[in-house]
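Thanks for coming, everyone. I'd like to walk you through one structure today.

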Amino acid sequence: MKIELTQKFIELYHKNPDSVYFTPGRVNLIGEHIDYNGGLVMPCAITLGTWLAISPNNNGEYNMSSLNFENNLTVEASKTHDKNGSHWANYPIGIINEFLKDGKDIPGLDFLFFGNIPIGSGLSSSASIEIATAFALNDYFNLGYDRVDLVKMAKRVENDFIGLNSGIMDQFAVAFGEKDKAIVLDCETLKYKMVDVDLGNYVLAIINTNKPRELADSKYNERVAECQTALTLLNKEITLHYLCELTAEKLALHSHLIEDEIILNRATHVIKENDRVHQAAKALNSVDLEEFGRLMYASHQSLRVLYEVSGKELDTVVDYCLTDEHVIGARMTGAGFGGCAIALLEKGFEEDFAKKLTDYYVNQIGYPAAIYISEIGNGPIKL
Ligand code: ADP
Ligand code: MG
């Protein structure tokens, strides 16, 4: 990939890139919709990601190009810029703005990006391009930021510049990922633990439903509000800051406070999903992948029935996986309503899986899903 990107860089800018960087995308292995309830998530970096080639120029410009998009953008260097409509280059420009606002000097540069992450599918190509830019500039100009600084900076860009109200998990996972390790992360305190993931005879299959996540934003906000309602009701008898402070037994003791069955279902998902993250970490520590797979299926079932954030496309993928003897676990990953599912698939059956899943999926949904085989990869690196 580095060679192809270098070649394209030469075609575009008529010189060699000075430096080339890679930054991964991410999946959340388990722990869904609990980050905003004080729970733990378990993301990992994947081997799909974003490459960035850069070189200085003497034109006093930032030239932004991406092999994934046709529209380039050139802006004046060394000054901050407003958001440019929905241009993809808002992501790197947002990051540069942050460095400039912090008093750093970023002279004219030529940029070329390429990502092999499916864009807009919940594998966080956005966090990947943000961290790619932040990591590269920090390294190239020796700016002295640590990784947590870059993660917080990228989140600010996503929230305040791009305007998406997302948590910090994506940027953290992308920046802190390590090969064959999952990150057990408290998104509130940023306390984290790396857990070894020995996939043994299995690979991580990522299945993009190709369904746009249209509902995701509005339903996300609705779920946040429902959890807040549950918390307020429970606080009539006990003092809680987050739902995840409760165990399932404790919830049962106080569940009479929540008369609305839907609200109780939401709280039940949150509390049991948080418990599943703890169980999943234990399963990984004892290299019990079968148990990990069972927890993935249980997570999906809860997101489907209790939390109602799945949908026909994601359910179709998981329903197929349940019938395939070479799959030991599968679930939707990310906010839901489309986007991607993940599955633990026995090595050597990748083609068989792709063919059978495609047949099943097309038959039910009418168009194909895209299937990627990935490994758990490293965070950002200079190549
Ligand atoms: P996701 O993060 O789930 O992939 P988002 O909608 O949050 O989806 O982010 C996708 C956006 O990030 C793209 O529309 C584009 O603006 C930007 N982006 C991601 N990867 C690239 C890339 N390789 N080149 C240019 N822009 C990119
Ligand atoms: Mg994103």
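Start with strands β8 and β10. β8 covers residues 202–208 and β10 covers residues 340–346; they run antiparallel and are joined by 7 bridges. Helices and strands here are DSSP runs, H or I of at least four residues for helices, E of at least two for strands, numbered from the N terminus. Strands pair if DSSP finds at least two bridges between them. Within β10, Ile342 sits opposite Ile206.

A word on the source. This is a predicted model: local features need pLDDT of at least 70, side-chain atom pairs count only at pLDDT 80 or more, and totals for chains, interfaces and linings use all residues. Residues are numbered from 1 along each chain as its sequence is written, and chains are lettered from A and ligands numbered from 1 in the order in which they are written.

Now the whole sheet. It is open, has 4 strands in the order β9-β10-β8-β11, and pairs antiparallel. Which strands stand at the edges? They are β9 (327–333) and β11 (370–374); each has a single partner strand, so one side of each is left without a neighbour in the sheet. Neighbouring strands are turned by 25° against each other on average, direction ignored. For angles, axes are lines fitted to C-alpha atoms, for helices over the stretch in contact, and values run from 0 to 180 degrees between N-to-C directions.

What packs on this sheet? Helix α9, residues 289–305, touches β8, β9 and β10, and its direction makes about 35° with that of β9. Helix α10, residues 312–323, also lies across β8, β9 and β10, running at about 170° to β9. Contact means that the C-beta atoms of two residues, placed from the backbone, lie within 7 Å.

Next, helix pairs. Two packed helices are described by the angle between their axes and the distance between the axes. Take α10 with α11, residues 350–365: the axes come within 10 Å and cross at roughly 145°. The crossing is right-handed: the near helix is turned clockwise from the far one by less than a right angle. Glu313, Thr316, Val317 and Tyr320 of α10 meet Leu357, Tyr360, Tyr361, Gln364 and Ile365 of α11.

Then α4 (residues 147–162) and α5 (residues 169–176). Their axes come within 9 Å and cross at roughly 145°, and this crossing is right-handed. From α4, the contact takes in Arg147, Leu150, Val151, Ala154 and Lys155; from α5, Gln171, Phe172, Ala175 and Phe176.

On to strand β1, residues 19–30. Of its 12 residues, 11 are buried, that is, 20 or more other C-beta atoms lie within 10 Å of their own; 12 or fewer is exposed, in between is partly exposed, with C-beta atoms placed from the backbone. β1 pairs antiparallel with β2, residues 40–56, over 10 bridges. It also pairs antiparallel with β12, residues 381–382, over 2 bridges. Phe22 stands opposite Trp51 in β2, and its bridge partner in β12 is Ile381.

Last, the ligand. How many residues surround ligand 1? There are 18, and the closest are Ser66, Trp88, Gly115, Ser125 and Ser126. Near means a C-beta atom, placed from the backbone, within 6 Å. The elements giving two or more residues are β5 (109–115) and α3 (125–140).

That's the tour. Thank you.
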